[in-house]
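Trainee: Could you take me through the charged side chains of this model, with the cut-offs spelled out?

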Amino acid sequence: MKYEVTVVDIGELAKKFFNEGTVVLFSKKEMPLEMKEISVMHNGGKLYEDIKAGDKLYIGEKVYTVTAVGEKANSNLRLMGHVCLKFDNEKSAKMPGYIHLERDSEPFCIEIGQKIRVES
């Protein structure tokens, strides 16, 4: 396992981004107040090994394959517990702080209490 956190809060506007395949993750203790409404907040966790394309990201029991990782995504995750997850099948990172993932046709949802983890 490379990373694991538990979702502790979800901002009101964060759910609107789910339809666009976007999740803004922040550690609750590191999150700037102005980001609260758009963020999915977690309890903080340690990144044991850099995330890379081909890794598996789990939200609860649902699994997604990482397709691309921005050059700042791993360092941001280590420092602030922050990353932007983009479920868009992109094969190259569009922004330095993005982690791109496969997207399927099922409606996307994250619930408080769910675990988010990454494995090789």
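**Charged side chains and their partners**

Mentor: Happy to! Let's start where the charged end of Arg-117 sits over the ring of Tyr-58, 4.0 Å from its centre; the rule asks for NZ of Lys or CZ of Arg within 6 Å of the ring centre and within 35 degrees of the ring normal. Before going further, note that this is a predicted model, where local features need pLDDT of at least 70 and side-chain atom pairs count only at pLDDT 80 or more, while totals for chains, interfaces and linings use all residues. Residues are numbered from 1 along each chain as its sequence is written, and side-chain values use heavy atoms, leaving out hydrogens and water.

Arg-117 also meets Glu-119 in a salt bridge, 3.0 Å from N to O. That term stands for a side-chain nitrogen of Lys or Arg within 4 Å of a carboxyl oxygen of Asp or Glu. With a relative accessible area of 17%, Arg-117 is buried, whereas Glu-119 is partly exposed at 25%; buried means under 20%, exposed over 50% and partly exposed in between, using a 1.4 Å probe and protein chains only.

Salt bridges with shared partners join Lys-2, Glu-49 and Asp-55 into one network. Lys-2 is found in the segment before β1 (3-10); strands are DSSP runs of E, at least two residues, and helices are runs of H or I, at least four, numbered from the N terminus. At 1% relative accessibility, Lys-2 counts as buried. In its salt bridge with Glu-49, the closest N and O atoms are 3.9 Å apart. Glu-49 lies in the loop between β3 (39-42) and β4 (56-59), so this pair ties together parts that are 47 residues apart in sequence. Glu-49 itself is partly exposed, at 40%.

Towards Asp-55, the side chain of Lys-2 makes a polar contact of 2.6 Å with that residue's side chain. A polar contact is a pair of N or O atoms within 3.5 Å; within protein, one must be able to donate a hydrogen and the other to accept it, and residues adjacent in sequence count only if both atoms are side-chain atoms.

Seven salt bridges are counted by this rule. Another one of them links Asp-104 and Lys-62, at 2.5 Å from N to O. Asp-104 is in the loop between β7 (98-101) and β8 (115-119) and Lys-62 in strand β5, so the pair ties together parts that are 42 residues apart in sequence. Asp-104 is partly exposed at 32%, and Lys-62 is partly exposed at 27%.
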